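Welcome! Take a moment to look over the sequence and the 3D view, and then we can walk through a few residues together.

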Amino acid sequence: YRGHCSRAAVDDSRAEGFSWTPTNPNSVSNFRNDAGLPSGGASGFNNTAEFMLEGKVNVQDIISKRTALPLDGNTGGLPEFIINPLNVNITNFSVLKP
């Protein structure tokens, strides 16, 4: 079985990160907040979510599942998969914010 996952990235958050979600970022009105993305606060990092990578992953390659943690004032809460990016077969790359 292969599941679908997405990752929003730019700035300090590189494409090869471990945090992915099964939720399409385009389907969430405030994705950055709900995904708990860093905003340059106490974390010292920033992810403006300008790009999205989509991929497929074998379920057994998902290290863990949780809800996205709050960070830098963003509440989190979306489903989050922790996956070694080497195990994600990238199928699409798109621009979320031109």
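## Around S43

Which residues does S43 touch, not counting residues up to four places away in sequence? S43 touches P38, L71 and D72, where contact means heavy atoms within 4.5 Å. The side chains of S43 and D72 are joined by a polar contact of 2.6 Å. A polar contact is a pair of N or O atoms within 3.5 Å; within protein, one must be able to donate a hydrogen and the other to accept it, and residues adjacent in sequence count only if both atoms are side-chain atoms.

S43 and L71 are 28 residues apart along the chain, with their C-alpha atoms separated by 7.4 Å.

## About the model

This is a predicted model, in which local features need pLDDT of at least 70 and side-chain atom pairs count only at pLDDT 80 or more, while totals for chains, interfaces and linings use all residues. Residues are numbered from 1 along each chain as its sequence is written, and side-chain values use heavy atoms, leaving out hydrogens and water.

## The salt bridge

The structure holds one salt bridge, meaning a side-chain nitrogen of Lys or Arg within 4 Å of a carboxyl oxygen of Asp or Glu. R66 forms it with E80, and the closest N and O atoms are 3.1 Å apart. Because R66 lies in strand β4 (residues 62-67) and E80 in strand β5 (residues 79-83), the pair ties together parts that are 14 residues apart in sequence. Strands (E, at least two residues) are DSSP runs, numbered from the N terminus.

Terms used:
Helix = DSSP H or I, 4+ residues; strand = E, 2+ residues; numbered from the N terminus.
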